[in-house]
Amino acid sequence: MGRAGTGTRGAAVAVAVAGPLLLLLLAGAPPAAAGDAKKSDVRLVSEQFSQSPQKLSFYSWYGSARLFHFRVPPDTVLLRWLLQVSRGGGPACTDVEITVYFRYGAPPVINPLDTSFPANTSVQPSFLIKMLQSNASVNISHPAPGDWFVAAHLPPSSQKIEVKGFVPTCAYIFQPDMLVLRAVEVFILEPDVPLPQTLLSHPSYLKIFIPENTRELRLELQGCATNGSLGCPVRLTVGSATLPRNFQKVLTCVSPSWACHLLLPSPPWDRWLQVTARSLAGPHVSVAFRAVAALTACRPWTLNSQHLLPSGTNQSCNASAGLLPPSPGSRGPGRSSRLGSGPFCLMSYPVLREDMDVVSVRFRPVDRVSMLVRSAVPSVLRLHLNTGMDSGGSLTVSLQANQTAVTNNTLVVVCVNAASPFLSFNTSLNCTTAFFQGYPLSLSASSRQADLVIPYPETDNWYLSLQLVCPESPEECEQTSVLVETTLYLVPCLNDCGPYGQCLLLRRHSYLYAGCSCKAAPLASHWPTGWRGWSCTDNSTAQTVAQQRVATLLLTLSNLMFLAPIAISVHRLLLVEASVYAYTMFFSTFYHACDQPGEAVLCILSYDTLQYCDFLGSGVSIWVTILCMARLKAALKHVLFLLGTLVFAMSLQLDRRGAWNMMGPCLFAFVVMVTMWHLAHAAGGKCGLPAAAARGAHQALGLLAEAHVPLSDL
């Protein structure tokens, strides 16, 4: 229990700090629940975790946000994030609002552009803060151990077209540090064993292990006394804080006149549950009590390998009737006595997890396609999403009931929960367990299919619970059963971002997560309108197909202006120049035909190849036009043509969008042209513009039509 925690692999560094400075930082201005984090409490140790800073970007899609991955050690009682922002000193470095998000278990789902999500997608509001100054801090008492994520970005980017190298920019560097106080003296609360405790000025930290198949947890304070007299000024905080939603339970005991207890249905399975006891009496008043925890076990009827049938789907479904648990209170065949003689509380179906690719998993019942759902007990599927690499995708749940089984008076109620299943369908349908608000679904005669999409599900075991309910006539459900077909997937992006987006895999050190980059996003391309949203399904600013085709034709057909300089060059036997103009016209046309939003797209080669050829042709066209106006000798002109082309090819490979990559060689060519004109003028006397230069300028007038270089190429 005194072992130091470990941080995120790679950049996270755990440093045990024993000096008073860190303790003062953590104790200074603490939240109300952590007011006793002082230097004198020797039961607490401090630790620091840090990650390498990242440069922030203006937001256009999820990849614009910078993600940080931390791991909070067990038994942490206080967590503080120190957020630091540094910026450059140029005139463009002004105060900018920085948005920082926090979430437990998975990356935060954010929507700075206020776009719509796909249908059937359930999204919780993100917990965020906005920073206007260079430093800020966030305190969390009793945080949940495990993965925590921090994401940060600058405001949404503007729609202005800016040429790289000509607009002043500013670098904003963001770095979060995580400081924690961890308890090294934690009392183990065993079930049905009273644990004596005495509170004075510091709280007591307890924890109890919740085994699998626990239906209910009862916490009770017994024999509470204050300095020998009756009274129970004690506050219990049960559970750990999570974001964006916190389901911690608080039990305040003031008077011993009634039983001070707390009932928690469906507590999280197979983990330690934190309990903090704090005295509400004065600083020098001792409070003594006994803490008692009682667990109510849930007796599952699990289909093991003996029940698995190698037959087809129809046989498997028909045989399911024989696999039902016995009636409540009876014992099933072949069941061991350790399960007790109590009634069964759930029907557990074994699930096969099939890893298909990165952040891509399929779940299916081992021996069947459909699940048998009845009214006696819930049918439960457990989905293992606890590998640490499953929270970067989207969990999709699709359910379909048999068309003839669901009648007008029956209803299949479904709950999707993390940590523990929802088992209280007979008393409530809100899908709320002890520390988690589930996602409710339902199947009825009018709606036999239900779908749910959960972006970035928390790292945990997820449970799918189904039960048949008859609100009007409960006796009708006793002899009724419904077959429900389940389709369960974890995918990187929903529907692969559709026809208007591209699913991209992002990485933060060894952590992988996915996001949609919309091809026609208004903030990701030079188009003023387009598809956008989490899965590129928001068409509020999208163009119609007719508008897309008209825009594509206007942009691509404008390249026919190259025909004029091509014709003039051929007429005057400038075949090299004519070839360069023809090359530029061809690739500029098909590059912009490929660089279109929506459906009006034509790509004869890969997008990257077309873009490179268009940029190269535009730069070389300007190069040969200026050198043609210089009226150089043929041998020297062709040497410069070749050298300039090679320089353009190299510079575009280094930085395709750098403005000086094109302007540098062109300015050099312009200097050559002016120099040649000056030499010709000096040789021809003071008669104004030399005849040769005049002929060269007249000859190049037609070639200047090449100035049709689309602004997007810059």
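Modeller: This is a predicted model. A search of the whole structure finds eleven salt bridges.

One of them joins the side chains of R182 and E47, with 3.1 Å from N to O. This pair links distant parts of the chain: R182 belongs to strand 11 (residues 172–183) and E47 to strand 2 (residues 44–50), and the two residues are 135 residues apart. R182 has 3% relative accessibility, so R182 counts as buried, the cut-off being under 20%. E47 also counts as buried, because its relative accessibility is 3%.

Another salt bridge is formed by D95 and R87, whose closest N and O atoms are 2.5 Å apart. Here D95 is exposed, with a relative accessible area of 58%. R87 has a relative accessible area of 42% and is therefore partly exposed.

E220 and R218 also meet through their side chains in a salt bridge, at 3.5 Å from N to O. R218 is partly exposed, as its relative accessible area is 27%.

Strand 15 covers residues 214–226 and pairs with strand 19 in the antiparallel sense, over six bridges. L219 has L262 in strand 19 as its bridge partner. Strand 19 (residues 260–265) has a covered face made of C260, L262 and L264, while H261, L263 and P265 make up the uncovered one.

Conventions: Residues numbered from 1 in each chain as written. Predicted model: local features only at pLDDT ≥ 70, side-chain atom pairs only at ≥ 80, totals over all residues. Heavy atoms only, no water. Buried < 20%, exposed > 50% of the residue type's maximum accessible area, 1.4 Å probe, protein only. Helix = DSSP H or I, 4+ residues; strand = E, 2+ residues; numbered from the N terminus. Pairing = 2+ DSSP bridges. Salt bridge = Lys/Arg side-chain N within 4 Å of Asp/Glu carboxyl O.
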